[in-house]
Amino acid sequence: MGKSDFLTPKAIANRIKSKGLQKLRWYCQMCQKQCRDENGFKCHCMSESHQRQLLLASENPQQFMDYFSEEFRNDFLELLRRRFGLCKVDETPKGWYIQYIDRDPETIRRQLELEKKKKQDLDDEEKTAKFIEEQVRRGLEGKEQEAPVFTELSRENDEEKVAFNLNKGACSSTATSSKSSSLGPSALKVIEATASVKRKEPSHSSAQPKEKKKKKSALDEIMEIEEEKKRAARTDYWLQPEIIVKIITKKLGEKYHKKKGIVKEVIDKYTAVVKMIDSGDKLKLDQTHLETVIPAPGKRILVLNGGYRGNEAILESINEKTFSATIVIETGPLKGRRVEGIQYEDISKLA
């Protein structure tokens, strides 16, 4: 009978119940004791040890509640961080943030493409910066060279004839005197006229400004190419802190639909923590649920996309037919520049 009782389903079930955690409804948090069923839990609640533990907890209930809360928080976050691998848990000054890790292959592919594109853009910017630095260095080296000194053509003896050798190379006084004797008076007149014309032409002085002008125009051309690259470089994310946005999704109800808020924090480029202007509530929203806000002319805005991304500007005018605006840059090296044709989705009102 003993062996048969040991192998019965009821005996096996009792042994399984005695191991591990059972239903939480039969667990006493105060005593940290697990009961197998309702009868056991009832008997435990009537026991002297449980009553004594209740008396201790009643003297300082806040201390026990804080202990239980801290224990639950630490164990929960440890499980998320170390074992499950499904979420990213970060402790920030504003509190704990739990972010779900999306394992979708399409999302992973998009992230890899964005990282590859970002790395390629950085490489292009580094190459352009080195090229501009090399051009500037060459320009400075050209300026550092000493400018040639030009003197007036003169002769010590009025009777001595001056001759010029038009071939490459230098002419000596003896050679010129011997050659001048073989030339006729008409040839000497032609040579003297040519020399006077050459003296009047500031060849070196005129070539130097032209060279500088060419260098300056090349630098301007480089800057224009760089600016055109920036103007053409657009991203699929546009959220920036401290801009005013409007909620366009209806999933949150009529309370938040078409309401405005201020972006307080941007998470992973595509998600923002928005503080509602009316109620002060904070919502975590994707950029697809938001749209930009266009203020009245004369107000400050922030450029969110394109070549002028990150620059503050003043809204000058709005073209409702083309859904574009004209702005005047207020910050950065392009301060004071007037830009036309900026699309509505590329700018938003500043808080």
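Trainee: Which residue of β12 is the bridge partner of Asn-319?

Mentor: The bridge partner of Asn-319 in β12 is Ser-324. This is a predicted model, in which local features need pLDDT of at least 70 and side-chain atom pairs count only at pLDDT 80 or more, while totals for chains, interfaces and linings use all residues. Residues are numbered from 1 along each chain as its sequence is written, and side-chain values use heavy atoms, with hydrogens and water left out.

Trainee: What makes β11 and β12 a pair of strands?

Mentor: Strands (E, at least two residues) and helices (H or I, at least four) are DSSP runs, numbered from the N terminus. Two strands pair if DSSP finds at least two bridges between them. Six bridges join β11 to strand β12 (residues 324-329), and the two run antiparallel; therefore they meet the rule for a pair. Their hairpin has four residues between the strands, and Phe-323 takes a positive phi near 55° there.

Trainee: Which strand pairs with β10 over three bridges?

Mentor: Strand β10 (residues 300-303) pairs over three bridges with strand β11 (residues 312-319), in the antiparallel sense.

Trainee: What makes the contact of Arg-300 and Glu-312 a salt bridge?

Mentor: A salt bridge is a side-chain nitrogen of Lys or Arg within 4 Å of a carboxyl oxygen of Asp or Glu. For Arg-300 and Glu-312 the N to O value is 2.5 Å, so the contact qualifies. The pair links distant parts of the chain, twelve residues apart, with Arg-300 in strand β10 and Glu-312 in strand β11. By this rule the count comes to eight salt bridges.

Trainee: Why does Arg-300 count as partly exposed?

Mentor: Buried means under 20% relative accessible area, exposed over 50%, and partly exposed in between (1.4 Å probe, protein chains only). Arg-300 has 42% relative accessibility, so it counts as partly exposed. Glu-312, at 28%, is also partly exposed.

Trainee: Why are Glu-113 and Arg-109 said to be separated by about one helical turn?

Mentor: They are separated by about one helical turn because they are four residues apart in helix α6. With 44% relative accessibility, Glu-113 is partly exposed, and Arg-109 is partly exposed at 37%.

Trainee: Which residues are linked with Glu-134 in a network of salt bridges?

Mentor: Glu-134 is linked with Arg-137 and Arg-138 in the network. The closest N and O atoms of Glu-134 and Arg-137 are 2.2 Å apart. Both residues lie in helix α6, three residues apart, about one turn of the helix.
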